[in-house]
Amino acid sequence: MYPFNLNEQFSKAAGQFAEAAANVNRLALANAEKAFGLHMAALEENINATFAFAGELVGVRDAEALKTVWPKGLQVARANAERSLGAAQEAFAHTLKTNEEIGALAKSQFEQAGAQVKAEVEKAAKAGAKAAK
């Protein structure tokens, strides 16, 4: 009765959706892995710098020695904050890039689905025109 097979169209659309979803998941997982790696690397460097400073701080025995070590402690804290902020900014930039890739993927899927629907409509319209003659 119908000039097209509905089950075949549904299967094709479901397969395309599953492929697109797998690609989106792959991109999101790669982004999460990159962000986690950036934060872990920054955390490792921060911990190493902090423990190195703590080792020096343990050796302080009087107020004069503390005065000489204090500026280094502030420098370590500043470097740690800058490293953490840098890692967060880089992770954010990578997340934006990933979101753009996901958007492009979704756009191409919509365009592809629209083209398929248009082709099916044109095919049905031609079949209807032939049947009307």
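Mentor: Lysine 67 is exposed, with a relative accessible area of 57%, where exposed means over 50%, buried under 20% and partly exposed in between, using a 1.4 Å probe and protein chains only. Before going on, please keep in mind that this is a predicted model, in which local features need pLDDT of at least 70 and side-chain atom pairs count only at pLDDT 80 or more, whereas totals for chains, interfaces and linings use all residues. Residues are numbered from 1 along each chain as its sequence is written, and side-chain values use heavy atoms, with hydrogens and water left out.

The side chain of lysine 67 meets that of glutamate 64 in a salt bridge, at 3.6 Å from N to O; the term stands for a side-chain nitrogen of Lys or Arg within 4 Å of a carboxyl oxygen of Asp or Glu. Glutamate 64 and lysine 67 are three residues apart in helix α2, and so are separated by about one helical turn. A helix here is a DSSP run of H or I with at least four residues, a strand is a run of E with at least two, and both are numbered from the N terminus.

By the salt-bridge rule, the count comes to five. One of them joins glutamate 56 to lysine 72, whose closest N and O atoms are 2.4 Å apart. Because glutamate 56 lies in helix α1 and lysine 72 in helix α2, this pair ties together parts that are 16 residues apart in sequence. Glutamate 56 is partly exposed at 36% relative accessible area, and lysine 72 is partly exposed too, at 39%.

Another salt bridge is formed by the side chains of arginine 83 and glutamate 45, at 3.7 Å from N to O. Arginine 83 belongs to helix α2 (residues 63-132) and glutamate 45 to helix α1, so this pair ties together parts that are 38 residues apart in sequence. Arginine 83 has a relative accessible area of 26% and counts as partly exposed, as does glutamate 45 with its 42%.

Helix α2 also holds asparagine 80, which is buried, with a relative accessible area of 12%. If neighbours within four places in sequence are left aside, asparagine 80 is in contact (heavy atoms within 4.5 Å) with Asn46, Ala49 and Thr50.
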